Amino acid sequence: MKLNHANLVTPEVTALAGFFTSHFGFELLAVRGKDAFAVLRGTDGFILNLMIPGKGETASYPGGFHIGFLVGKPNIVHAKQAELADAGFAPGEVQELTRGGVSSTTFYCHAPGGILVEVSSSPA
């Protein structure tokens, strides 16, 4: 079984789509409904749908909710953190973390619409 897609609700569909296409290699496949819905495809074929909240609803996620990207080496984590800082996104500092006995080089950044993104690298 393979994870096929995820839907994220955001008041900033266009800005969030631009974030993922410009900085994480996604391809914009479609935009529908006056920028109310966007379909993106990752380099691995994963589909990411972005949609505005329903009428009278807000885009909110529980504490700790985030999207995580795993990259091959710690130097890529540092480069991505610098790239996002240069683009004005104010990512957090790169940290050396250990969770469940596994070490990682990690940082977090808020994307447009408040979506929390993690970028990390772990030894194989």
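Which residue stands opposite L40 in β4? L48 does, and here are some notes on the rest of the fold.

1. A word on the basis. This is a predicted model, where local features need pLDDT of at least 70 and side-chain atom pairs count only at pLDDT 80 or more, while totals for chains, interfaces and linings use all residues. Residues are numbered from 1 along each chain as its sequence is written, and side-chain values use heavy atoms, with hydrogens and water left out.

2. Strands here are DSSP runs of E with at least two residues, helices are runs of H or I with at least four, and both are numbered from the N terminus; two strands pair if DSSP finds at least two bridges between them. β3 (residues 37-41) and β4 (residues 47-51) are antiparallel, paired over 5 bridges.

3. Please look at the loop between β2 and β3, where K34 lies and where D35 is also found. K34 is not a glycine, yet has a positive phi of about 55°; D35, likewise a residue other than glycine, has a positive phi near 65°. K34 is exposed, at a relative accessible area of 85%, whereas D35 is partly exposed at 42%. (Buried means under 20% relative accessible area, exposed over 50%, and partly exposed in between, with a 1.4 Å probe and protein chains only.)

4. Another open sheet has 4 strands in the order β5-β8-β7-β6, again with mixed pairing. At its edges stand β5 (67-70) and β6 (95-99), each with a single partner strand, so one side of each lacks a neighbour in the sheet. Its neighbouring strands are turned by 35° against each other on average, direction ignored.

5. Two hairpins deserve a look in this sheet. β6 and β7 pair in the antiparallel sense over 5 bridges, with Q95 bridged to T106 in β7; 2 residues lie between the strands, and G100 in this hairpin takes a positive phi near 60°. β7 (residues 102-110) and β8 (residues 116-121) are antiparallel over 6 bridges. Y108 has E118 as its bridge partner in β8, and T105 stands opposite S121. This hairpin has 5 residues between its strands, and G113 in the turn has a positive phi of about 85°.

6. Helices are next. α1 (residues 13-24) lies across β5 and β8, at about 15° to β8, while α2 (residues 74-86) lies across β7 and β8, at about 10° to β7. Contact here means heavy atoms within 4.5 Å.

7. Finally, the largest pocket holds about 330 Å³ of space. Of its 15 lining residues, F26, F46, I67, G68 and F69 are the closest to the centre. β1 (5-9) and β5 are the elements giving two or more residues to the lining, and β5 gives the most, with 3. The lining divides into 10 nonpolar, 4 polar and 1 charged. (A pocket is an open set of points on a 1 Å grid over the protein atoms alone, where a 1.4 Å probe fits, with protein on both sides within 12 Å along at least five of seven lines; lining residues have an atom within 4 Å of a point. Points are joined across faces, edges and corners, and the volume is the space filled by probe spheres set on them. Asp, Glu, Lys and Arg count as charged, Ala, Val, Leu, Ile, Met, Phe, Trp, Tyr, Cys and Pro as nonpolar, and the others as polar.)

Definitions and conventions
Axes are lines fitted to C-alpha atoms, for helices over the stretch in contact, and angles run from 0 to 180 degrees between N-to-C directions.
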